[in-house]
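Here are a few exercises to work through with the model open beside you. Try each task before you read its solution.

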Amino acid sequence: MDTPGDSYDITVVGAGFGGLYAAHRFREAGLRVLGLEGAPGVGGVWYHNGYPGSRVDTDSVDMYSYLFSRDIYEGWQWQERYAAQPELLEHLNWVADRLDVRQLFRFNHWLRAANWCSEEQCWQLTTDGGSQFTTRFLVMCTGNLSVPKAVPFPGIERFRGEWVQTNRWPQREVNWDGRRVAIVGTGSSGVQATPVVARSARELYVFQRTPHYGVPARNGPPDREKAGRIAEDLAQFKEAMLARPTLPTGQEDRRPAMAYSREEQLARMERQWAFGGHGMAYVFEDIGVDREANAVAAEFVRDKIRQRVKDPATAEKLCPDYPIGTRRLILEIDYYESFNQDHVALVDMRESPIEEITATGIRTRDRHYEVDLIIFALGFQPFLGAIDQAGVRNAQGQTPRDLWSRGPNTMFGLMTPGFPNFFHPTNAGSPSVLGPLILENEFHCDWIADCIDHMNAAGHRVVEATAEGAAIWGEKSAAVAERMLRRQVDNYMVHVNADDGTRVFQPWGAGMATYVPEVRAMTADNYRGFAFR
């Protein structure tokens with residue numbers, strides 16, 4: 001049992017995929033580890049994302065598996081191509097026990113203040129319950145999409161029915177059978193929840209602000225033959241993944257769109273449509289940088305939507321008008337067919353925005369919708385949400401957000417200048433949400449452990465990203481994103497400066513294949529971009 005003021009070498013915040021590996025890796029490095037997790041158990045975002053239809057949207061056997069241990073990789077057999085939330089949570093509990101890291105965590109402990117003490121050269125931590133600790137290193141394994149956006153509509157306190165959030169789903173049964181239900185938001189969680197709720201709700205209203213490109217997931221059994229091949233030489237596969245561009249399986253042979261005849265274009269897109277997954281946003285080599293090439297695939301998907309939705313007016317409202325892939329593609333299972341049911345209606349919030357929540361439902365500019373249950377699927381506060389919530393401040397009282405006022409200001413997406421011994425794995429400045437996140441967590445936590453070994457061997461107590469290093473890294477990141485259509489379309493990955501309209505693409509936009517060599521080269525160059533003392 002810890003006593004007030006207990007001191008640790010390193011503190012890991014978050015007990016999801018990244019946090020469990022971090023706790024294991026740092027303990028193996030001989031460090032005294034404290035884990036802090038606000039939820040009652042392990043799981044991270046998958047503890048909270050228990051909404052109907054919740055599942056990962058990348059292939060489980062390669063893109064969403066730990067790759068550091070053959071024992072872990074072979075010891076768990078995924079049941080679906082895209083693992084559902086209950087299996088993901090079960091898997092993480094199994095991993096926590098297999099690695100024996102559960103004991104390192106203090107659950108029901110939300111970090112609410114983290115202040116750097118220059119004199120003691122440590123972080124002083126305070127949780128929501130008043131527990132206090134000190135730690136030499138602080139590692140935020142809280143992910144980039146973990147803190148829910150607040151419900152922005154006035155009147156929610158007056159609603160006499162039941163309301164829930166997909167990303168803070170209650171740890172109890174939520175019943176929609178025979179009820180009038182509203183789903184507000186049509187990002188991934190809203191799209192996944194809609195067909196499940198539609199099966200038994202009496203009425204379902206789906207409130208959409210921005211339509212997304214939805215493509216079939218084609219979920220089913222996992223590719224066990226592929227999993228077997230990966231397991232045979234897991235270390236080699238991991239290194240190959242670290243050298244791989246952001247490119248889904250099946251798109252390795254792609255060429256520019258106009259290098260194909262019209263018939264070849266259609267055949268290629270039909271094959272991807274049948275296979276399912278994110279490959280539709282990568283189906284041509286120039287789809288992400290050339291509007292003409294992009295329009296070929298965008299119109300193909302819009303035509304598929306029109307074919308699947310019987311009412312032409314509804315179909316057009318579901319069709320996006322921006323380039324495909326500039327917002328995250330959504331993998332769906334029977335989403336569009338939901339709108340062919342008489343009791344399901346689409347509400348276009350661009351035509352009729354929500355004005356307030358009333359005692360009995362939702363009032364838009366045009367009408368009032370009587371509902372018994374509101375499911376808010378509004379998304380997350382990206383990148384810095386969990387760091388803001390944890391109350392991280394340096395010796396000058398600044399937050400990382402203060403240093404990010406004009407966009408991400410980091411070395412490797414891993415450290416922010418002015419914040420000694422403070423790490424935020426997989427954040428903006430790294431491939432982040434565009435890369436294989438579990439592998440990114442392994443790569444970053446390995447880097448942190450190696451950096452600490454380097455410090456201990458050299459007698460250093462503190463490491464900090466330099467302002468000059470972050471500026472160089474920012475220039476490198478901007479260069480790889482310069483031509484991306486994704487940077488030109490407003491979405492959560494783009495920071496827009498209000499004073500001059502400059503646009504900063506926040507993740508590293510060229511995948512692990514370019515990111516990893518840059519990190520390794522600058523690290524090998526005596527940790528260029530970092531200062532030790």
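**Exercise 1.** Work out at what angle helix H13 and helix H15 pack, and which residues make the contact.

Solution. Start with the axes, which are lines fitted to C-alpha atoms over the stretch in contact, with angles running from 0 to 180 degrees between N-to-C directions. H13 (residues 437-458) and H15 (residues 511-524) pack at about 0°, and their axes are 13 Å apart. Angles under 35 degrees count as roughly parallel, so H13 and H15 are roughly parallel to each other. Next, list the contact (heavy atoms within 4.5 Å): H13 brings Glu440, Phe443, His444 and Trp447, while H15 brings Met512, Tyr515, Val516, Val519, Arg520 and Thr523. Sorted by type, that gives six nonpolar, two polar and two charged residues.

This is a predicted model, where local features need pLDDT of at least 70 and side-chain atom pairs count only at pLDDT 80 or more, while totals for chains, interfaces and linings use all residues. Residues are numbered from 1 along each chain as its sequence is written, and side-chain values use heavy atoms, with hydrogens and water left out.

**Exercise 2.** Find the strand order of the open five-stranded sheet, then say which strands stand at its edges.

Solution. Strands here are DSSP runs of at least two residues, and helices are runs of at least four; two strands pair if DSSP finds at least two bridges between them. The order reads E7-E16-E8-E9-E12, with parallel pairing. E7 (162-165) and E12 (344-348) each have a single partner strand, so one side of each is left without a neighbour in the sheet. On average, neighbouring strands are turned by 20° against each other, direction ignored. Zoom in on E7 and E16 (residues 373-376): four bridges pair them, and tryptophan 163 has isoleucine 374 as its bridge partner.

**Exercise 3.** Is serine 54 buried or exposed, and what does its side chain reach?

Solution. First locate serine 54: it sits in the loop between H2 (45-48) and H3 (70-75). Its relative accessibility is 4%, so serine 54 counts as buried (under 20%). Its side chain reaches the backbone oxygen of asparagine 49 at 2.8 Å. Leaving aside residues up to four places away in sequence, serine 54 touches Trp46, Asn49, Ala84, Gln85 and Gln192.

**Exercise 4.** Trace how E5 is joined to E4 and to E6.

Solution. Six bridges join E4 (residues 111-117) to E5 (residues 122-127), running antiparallel. In their hairpin, glutamine 121 in the turn has a positive phi of about 55°. E5 also runs antiparallel to E6 (residues 132-140), through four bridges. Threonine 126 links both stories: it partners alanine 113 and stands opposite glutamine 132.

How values were computed
Angles under 35 degrees count as roughly parallel, over 145 as roughly antiparallel, 65 to 115 as roughly perpendicular and the rest as oblique. Ala, Val, Leu, Ile, Met, Phe, Trp, Tyr, Cys and Pro count as nonpolar, Asp, Glu, Lys and Arg as charged, and the others, Gly among them, as polar. Buried means under 20% relative accessible area, exposed over 50%, partly exposed in between (1.4 Å probe, protein chains only). A polar contact is a pair of N or O atoms within 3.5 Å; within protein, one must be able to donate a hydrogen and the other to accept it, and residues adjacent in sequence count only if both atoms are side-chain atoms.
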